[in-house]
Amino acid sequence: MTNRTLSHYIGGEFTGASDALESVNPSDTSDIVARFPDGTAADVDAAVAAARAAQSGWADASPEVRSDLLEKVATILFTRAEELGELLAREEGKLRGEGMGETLRAARIFRYFSGEALRRHGLTLESTRPGLDVATYREALGVVGLITPWNFPIAIPAWKAAPAMAFGNSVVLKCANVTPTVAYALAEAIHEAGIPAGVFNLVLGRGDVGRALVDHADVDAISFTGSQQVGGQVGLNAMKRGARVQMEMGGKNPLVVLNDADLDKAVAIAADGGFFQTGQRCTASSRVIVEDGIHDAFVAALCEKAKSLKVGAALDPSSQVGPAASADQFEQNFRYVGIACDEGGRLAGGGDKVACATDGYFMQPTVIADTAPDMRINNEEVFGPVVSTVRVKDYEEALALANRGNFGLSSGIVTNSLSKARHFRKHVKAGMVMVNLPTAGVDYHVPFGGTRGSSYGPREQGFAAVEFYTQVKTVYTGD
Ligand SMILES: NC(=O)C1=CN([C@@H]2O[C@H](COP(=O)(O)OP(=O)(O)OC[C@H]3O[C@@H](n4cnc5c(N)ncnc54)[C@H](O)[C@@H]3O)[C@@H](O)[C@H]2O)C=CC1
Ligand SMILES: O=C(O)CCC(=O)C(=O)O
């Protein structure tokens, strides 16, 4: 397969090509997908300057201009979906179908925000003082820095960049260095669509590029998705200089399985939420809380299901679970299995590497049973195909456990009791609740985000995105 040498995209030009860093196919580590530059603070300066120069013209353009151009990006992504889905599978390790699905999702996100550009969300009110008019306008923030992870390498950049641009901001994207080629393809689509030079910029490289973006005095806002650890630093550094900041930092999402649940359905939901996309979703059902009466049958059936899933190369059509995305992530998955067992968890299924025809980061879907709520496996994000189970005596204990810990992104319950489902929906402390569904898998037209340590700032996506990417101006008019 071909490999490419990538460059940054700054001020409408692909510039600074270099082979300093490599991205590797996690299904076949002999396959170098791309070589790319390790950006510097000077590259960030250049990108921010280009973004600043372009921003006011972009914000002043008719919303129809922005809408039409975003729609063109959508059309290009729809047209390239098969090719980009395959690229995504090759670079990130998602299965080909999942890669296609994610590319189509990115296209639909651009199409959605093409529409949002035309809905300016302003209000006209009667003033409390006779003779005055009062109205609110939503204005662009200016230059927005976007810092994104590797697990949704096109959808997350899309759900940040599309609303940012729809509402008149210019952006500088720093993508994860595990997946630069996918972000580069997005830059190509934006370039081809004719979005004016400087409105969208991409700087490739390591964490230092993100740090320079966060610290840059001319960046008005930062939207970050990634780990809690990096998000914490990003938040502090952005706030120190008064920049607006939004952070999505993952989850340890509880899936509650009650005695009255249909066993097959509960197992299918837990396996989908825990193992698909190799568990590399911040919404993954990584912590399954099981009521005593169904516990043993559920754990046995989940282990059977885990064993039946075919682990293999992302581009092999027979694979059901792909590789970990990187050597670091692969190592982290096994480290957590070790920690969980050392702390008293029981390795009920999986836990080993899988040998395939190519050398890749393949791991068996893994179940750690008999865990206690305060073990690290139930409190820290693993981000791999590793599910822990906790036994509880009743629904009340399950809810209390679901609400423990420092994350509150997604949550789920599997039950045939409408009253317990309704109670859970109301009392679980999470930004998203799934009833008889996996905790992972979300729509793009509704808000996305969590409570507690999972998220900070306004929600992302859908109709909520306008909150972060605009600021309100209130205008009073007299005679
Ligand atoms: N919430 C989520 O959706 C995700 C959570 N994660 C978690 O994070 C772990 C590590 O994965 P990574 O992709 O390495 O996540 P990360 O949090 O280390 O990196 C996310 C992004 O931030 C950038 N970055 C790193 N250091 C920075 C700094 N000091 N200032 C500004 N930007 C910086 C990275 O280059 C990347 O683009 C995973 O194992 C998983 O637990 C990873 C990906 C997505
Ligand atoms: O579950 C989903 O569809 C979205 C998950 C997500 O946004 C993430 O893992 O970063």
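What follows is what I looked up, item by item.

**Ground rules.** I am working from a predicted model, where local features need pLDDT of at least 70, side-chain atom pairs count only at pLDDT 80 or more, and totals for chains, interfaces and linings use all residues. Residues are numbered from 1 along each chain as its sequence is written, while chains are lettered from A and ligands numbered from 1 in the order in which they are written.

**Ligand 1.** I started with the residues near it (C-beta atom, placed from the backbone, within 6 Å of the molecule). I get 28 residues around ligand 1, and Pro149, Gly207, Gly210, Gly226 and Ser227 come nearest. Helices H7 (207-215), H8 (228-240) and H11 (327-342) are the elements that give two or more residues to this shell; helices here are DSSP runs of H or I, at least four residues, and strands are runs of E, at least two, numbered from the N terminus. H7 has the largest share, 4 residues. By class I note 11 nonpolar, 12 polar and 5 charged. Nonpolar means Ala, Val, Leu, Ile, Met, Phe, Trp, Tyr, Cys and Pro, charged means Asp, Glu, Lys and Arg, and the others, Gly among them, are polar. Domain 1 (4-249) and domain 2 (254-435) each supply at least three residues to the shell around ligand 1; the bounds come from an automatic or database domain assignment.

**Ligand 2.** Around ligand 2 I list Asn151, Phe152, Thr225, Arg281, Cys282, Thr283, Ala440, Gly441 and Val442. That splits into 4 nonpolar, 4 polar and 1 charged. Where does ligand 2 lie relative to domain 1 and domain 2? Both domains give residues to its shell, so ligand 2 lies between them.

Glu248 sits in strand S12 (residues 244-248). Buried or exposed? Glu248 is buried, with 27 other C-beta atoms within 10 Å; the cut-offs are 20 or more for buried, 12 or fewer for exposed, and partly exposed in between. Leaving out residues up to four places away in sequence, Glu248 touches Thr225, Cys282, Gly449, Ser455 and Glu460, a contact being C-beta atoms within 7 Å.

**Helix H3.** Buried residues in H3 include Leu84, Leu87, Leu88 and Glu91. The buried residues of H3 pack against strands S4 (21-24) and S5 (32-36) and helices H4 (96-116) and H6 (180-193). Just after H3, Gly93 has a positive phi of about 100°.

Technical notes: Contact = placed C-beta atoms within 7 Å.
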